[in-house]
Amino acid sequence: MRVLFIGDVVGSPGRRGLREAMPGLRERHAPDLIVVNGENSAGGVGITERTAGDLFETGAGVITTGNHVYRHREAYDFLEREQLVIRPANYPQGNPGRGYVVVEVAGMKLGVINLSGGVNLRVARSPFDAVDAILDRIEADAVLVDFHAEVSSEKVAMGWHLDGRVAAVLGTHTHVPTADGRVLPGGTAFISDVGMTGSRASVLGVKPELALRALITNMPTRFESAEEDVWVMGAVVEINQRGLADSIEPVLEPAPPAS
């Protein structure tokens, strides 16, 4: 089984870039499933039913999210209805949505789990405890984890914690791709952060002048998504019949111009 995972899609520039890049990505990588982190797909912060629809139309089979998942109140009912859009599993259990999903892919049952880091982010319980509890009850042949976390040490720790128990631990949230992609000794593909799908002429997807204004003045600033030089970032994971990874390959490429 080959899974193409796409890092945080930022605003309409990220959605457009992914749409234009998808034919080439499909041709080069021939994925059996595409998983997309869409938590910044709506105006650069949050997700809505409309932006999730755009990602599904582009080819996403499962959409993961993160700390901005509840930014738009209109998404709450949608998150309850749509099983293929998931939010961090270690949020309060009564919150809208669910933390994992199991899908049929290439003759296997693949579980996709969404987790939030506990360092410098607000969660209801430890991501380590939460994922252990899910793995005790999930019925899947293989499991992929989107770990949406702030600090690399926690992400690396999660990789080792799950090594040999899941197919992949893929870091998101910080928007900057890291160079540590590898298959750990137990057979789990790991990378601290796959990067973002959005403008590289930006500060993490935000127009530079706006990000600089906020950082320099410490005043409230309305962020807008930058539009130039959009890149698609992510990873391709090859999963074997044992439910572990044979390989992980980073994806970092400029999106084609709009057709």
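1. Strands 7 and 9. Strand 7 (residues 168-172) and strand 9 (residues 189-191) run parallel and are joined by three bridges. Within this pairing, Leu170 has Ile191 of strand 9 as its bridge partner. Two strands are taken to pair if DSSP finds at least two bridges between them. Helices (H or I, at least four residues) and strands (E, at least two) are DSSP runs, numbered from the N terminus.

2. Basis of the model. This is a predicted model, in which local features need pLDDT of at least 70 and side-chain atom pairs count only at pLDDT 80 or more, while totals for chains, interfaces and linings use all residues. Residues are numbered from 1 along each chain as its sequence is written, and side-chain values use heavy atoms, with hydrogens and water left out.

3. Contact means heavy atoms within 4.5 Å.

4. Strands 1 and 2. Strand 1 (residues 2-6) runs parallel to strand 2, with four bridges between them; Val3 stands opposite Leu33 in strand 2. Strand 2 (residues 33-37) is mostly covered, five of its five residues being buried. On one side these are Leu33, Val35 and Asn37, and on the other Ile34 and Val36. Here buried means under 20% relative accessible area, exposed over 50%, and partly exposed in between (1.4 Å probe, protein chains only).

5. Asp193. Asp193 is buried, at 0% relative accessibility. Leaving aside neighbours within four places in sequence, the contacts of Asp193 include Lys155, Gly171, Thr172, His173 and His175. The side chains of Asp193 and Lys155 meet in a salt bridge (2.8 Å, N to O). Lys155 lies in helix 5 and Asp193 in the loop between strand 9 and strand 10, so the pair ties together parts that are 38 residues apart in sequence. Both Asp193 and Lys155 are buried.

6. Other salt bridges. The structure holds nine salt bridges, a salt bridge being a side-chain nitrogen of Lys or Arg within 4 Å of a carboxyl oxygen of Asp or Glu. One of them joins Arg28 to Glu253, with the closest N and O atoms 2.3 Å apart. Arg28 lies in helix 1 (residues 11-29) and Glu253 in strand 12 (residues 245-254), so this pair ties together parts that are 225 residues apart in sequence. Arg28 is partly exposed, with a relative accessible area of 49%, whereas Glu253 is buried at 16%.

7. Lys207 and Glu224. These residues form a salt bridge with the closest N and O atoms 3.0 Å apart. Lys207 lies in the loop between strand 10 and helix 6, and Glu224 in the loop between helix 6 and strand 11, so the pair ties together parts that are 17 residues apart in sequence. Lys207 is partly exposed, with a relative accessible area of 24%, and Glu224 is partly exposed at 38%.

8. Backbone points to inspect. His175 is placed in the loop between strand 7 and strand 8 and is buried, with a relative accessible area of 9%. Asp229 also has a positive phi, of about 55°, although it is not a glycine. Asp229 lies in the loop between helix 6 and strand 11 (230-239) and is partly exposed, with a relative accessible area of 41%.
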